[in-house]
Structure formats: structure tokens, C-alpha cells
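I opened a new entry today.

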Amino acid sequence: MDVTDATFQTEVIERSQREPVVVDFWADWCGPCKMLTPVLEEQTSEQGVTLAKIDVDAKPVISSQDGISGIPAVKEFRNGPGVAGFGGQQPPAS
């Protein structure tokens with residue numbers, strides 16, 4: 001799901017009180033983001049985890065509040081704040 005400034009609190013923070021939410025911070029011009037997003041969509045779907053997508057160019061406030069300084073960046077939210085994550089291009093899982 002695409003998240004906006006108006007829906008971030010409900011769709012990510014409040015939802016993370018009930019279930020983990022993985023947030024994909026991306027931009028349309030980011031090649032590695034375009035390669036990572038389908039993998040995240042597949043993996044979260046297989047695990048039954050909610051995936052939220054935030055375009056850092058369209059939602060810079062949310063991105064900066066979460067400390068995102070480079071993309072792609074992925075954070076897991078659990079019981080409110082982001083608890084784990086990674087940034088940059090990642091090697092394939094073995």
C-alpha cells in the first residue's frame with residue numbers, strides 16, 4: 001500500500017501495534033529501488049506481513065522523521081517506532 005503523510009500514523013504506526021509492518025522507502029528514479037520492491041512484495045506476501053511504500057520525493061517529512069538519508073531503505077515497524085532495517089542494495093539471500 002502507498003502511504004501518505006495523512007495515513008502514515010494509521011497505516012504504519014497504529015497497525016504496527018497489532019502486526020509488523022515493513023516500510024519500503026523508495027523513489028521513482030532509483031534503479032536499485034525498482035529491483036528491490038518486487039522482492040519485498042513477494043517476501044512480505046508469502047509471510048503475511050503488511051508492506052507499506054513511501055516515495056521519499058513525495059513524502060520528505062516522513063522520510064526525514066524516520067532518519068532516511070539514502071535509498072533504497074527498508075524499516076520494520078513493530079509496536080510503533082521502526083525497530084530494524086537496512087539501506088542500500090543488498091546481496092541476494094543464499
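My notes on this chain follow in that order.

**Confidence.** I am working from a predicted model. I looked up the mean pLDDT of the protein chain and got 80. I also noted that 84% of the residues reach 70 or more.

**Packing.** I turned to the largest nonpolar core, which has 18 residues. Phe 8, Val 12, Val 23, Phe 25, Ile 54 and Phe 77 touch the most other members. I see at least two core residues from each of helix 1 (8-14), strand 1 (21-26), strand 2 and strand 3 (73-77). Which element gives the most to this core? I get strand 1, with 4 residues. I listed the contacts of Phe 25, leaving out residues up to four places away in sequence. Among them are Cys 33, Ile 54, Ile 62, Asp 66, Pro 72 and Lys 75. I also logged a second, separate core of 5 residues, including Val 22, Leu 36, Leu 51 and Val 74.

**Helix 2.** I traced helix 2 over residues 31-47, 17 residues in total. I get 25 Å from first C-alpha to last, close to the expected 24 Å. Cys 33, Leu 36, Thr 37, Leu 40 and Thr 44 are buried in this helix. I recalled that an α-helix has 3.6 residues a turn, so residues three or four places apart point the same way. After helix 2 I reached Gly 48, with a positive phi near 70 degrees.

Conventions: Residues are numbered from 1 along each chain as its sequence is written. This is a predicted model: local features need pLDDT of at least 70, side-chain atom pairs count only at pLDDT 80 or more; totals for chains, interfaces and linings use all residues. Side-chain values use heavy atoms; hydrogens and water are left out. pLDDT is the predictor's confidence in each residue, from 0 to 100. A nonpolar core is a set of buried Ala, Val, Leu, Ile, Met, Phe, Trp, Tyr and Cys residues joined through side-chain atoms within 4.5 Å. Buried means under 20% relative accessible area, exposed over 50%, partly exposed in between (1.4 Å probe, protein chains only). Contact means heavy atoms within 4.5 Å. The expected span of a helix is 1.5 Å times one less than its number of residues.
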